[in-house]
Amino acid sequence: MRYTFTEEGFDEGCALWKASVPEKAAAAPGMARIQFLEARPVALAVGSWRDKADAEAFMRTGVFRDLLERLGPLLARKPEPEAWDLAAYAEGKA
């Protein structure tokens with residue numbers, strides 16, 4: 001999901017997202033990873049799920065509906081959902 005905040009709403013909006021989503025997502029069945037990237041005034045939430053049905057089930061929990069109600073006045077435009085398929089992946093060695 002791509003969020004575009006007002007300049008004044010960016011910090012508060014990002015804080016709301018981080019307080020509302022990661023813990024609930026981490027406990028959801030099928031969650032592999034959730035990330036939140038910031039590039040003022042835009043933030044990008046990336047959830048990786050083991051199965052599309054798991055992601056859809058999490059969306060039905062109302063977590064994002066409730067979050068969007070709270071984010072409303074902090075947003076410059078309506079959030080833009082995006083669905084991507086993993087085409088390549090690499091991970092460095094520790």
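This is a predicted model: local features need pLDDT of at least 70, side-chain atom pairs count only at pLDDT 80 or more; totals for chains, interfaces and linings use all residues.
Me: Why is α1 called roughly antiparallel to α4?

Reply: The axes of α1 (residues 10–20) and α4 (residues 63–71) cross at roughly 160 degrees and come within 10 Å. Angles over 145 degrees count as roughly antiparallel. The crossing angle therefore makes α1 roughly antiparallel to α4. The crossing in which α1 passes α4 is right-handed.

Me: Which residues of α1 and α4 meet?

Reply: From α1, Gly13, Leu16, Trp17 and Ser20 take part, and they meet Val63, Phe64, Leu67, Arg70 and Leu71 of α4. The residues of this contact comprise 6 nonpolar, 2 polar and 1 charged.

Me: How do you know that the buried residues of α4 line one face of the helix?

Reply: The residues concerned are Val63, Phe64, Leu67 and Leu71. Viewed down the axis of α4, the buried residues fall within an arc of 80 degrees, so they line one face of the helix. The face turned away from this buried side carries Arg65 and Glu69, both exposed. Among the elements covering the buried residues of α4 are β1 (2–4), α1, α2 (22–26) and α3 (52–59).

Me: What makes the buried residues of α1 line one face of the helix?

Reply: In α1 the buried residues are Phe10, Gly13, Cys14, Leu16, Trp17 and Ser20. Their arc, seen down the axis of α1, is within 160 degrees, so they too line one face of the helix. The cover over the buried residues of α1 includes β1, α2, β2, β3 and α4.

Me: Why is Thr4 described as buried?

Reply: Buried means under 20% relative accessible area. Thr4 has a relative accessibility of 7%, and therefore counts as buried. This residue is placed in strand β1. Neighbours within four places in sequence being left aside, Thr4 is in contact with Pro41, Val42, Leu75, Ala76, Arg77 and Glu80.

Me: What is the form of the peptide bond from Arg40 to Pro41, and where is Pro41 placed?

Reply: The bond from Arg40 to Pro41 is cis, and its omega is near 10 degrees. By way of background, most peptide bonds are trans. Pro41 is located in the loop between β2 (31–39) and β3 (42–49). Pro41 is also one of the residues in contact with Thr4.

Me: Why does Ala32 count as partly exposed?

Reply: The partly exposed class lies between the limit of under 20% for buried and that of over 50% for exposed. With 47% relative accessibility, Ala32 falls between these limits and therefore counts as partly exposed. Ala32 belongs to strand β2. Residues up to four places away in sequence not being counted, Ala32 touches Ser48, Trp49 and Arg50.

Me: What makes Leu86 an exposed residue?

Reply: A residue is exposed when its relative accessible area is over 50%. Leu86 has a relative accessibility of 69%, and therefore counts as exposed. Leu86 is located in the segment after α4. Leu86 and Leu16 are 70 residues apart in sequence, and their C-alpha atoms are 28 Å apart in space. Leu16 is one of the buried residues of α1.

Me: How do you know that Lys78 is exposed?

Reply: The cut-off for exposed is again over 50%. Lys78 has a relative accessible area of 71%, and is therefore exposed. Lys78 is found in the segment after α4. Between the C-alpha atoms of Lys78 and Val21 the separation is 18 Å, and these residues are 57 residues apart along the chain.

Technical notes:
Residues are numbered from 1 along each chain as its sequence is written. Side-chain values use heavy atoms; hydrogens and water are left out. Axes are lines fitted to C-alpha atoms, for helices over the stretch in contact, and angles run from 0 to 180 degrees between N-to-C directions. Helices (H or I, at least four residues) and strands (E, at least two) are DSSP runs, numbered from the N terminus. Angles under 35 degrees count as roughly parallel, over 145 as roughly antiparallel, 65 to 115 as roughly perpendicular and the rest as oblique. A crossing is left-handed if the near helix is turned anticlockwise from the far one by less than a right angle, and right-handed if clockwise. Contact means heavy atoms within 4.5 Å. Ala, Val, Leu, Ile, Met, Phe, Trp, Tyr, Cys and Pro count as nonpolar, Asp, Glu, Lys and Arg as charged, and the others, Gly among them, as polar. Buried means under 20% relative accessible area, exposed over 50%, partly exposed in between (1.4 Å probe, protein chains only). The arc is that of the directions from the helix axis to the C-beta atoms.
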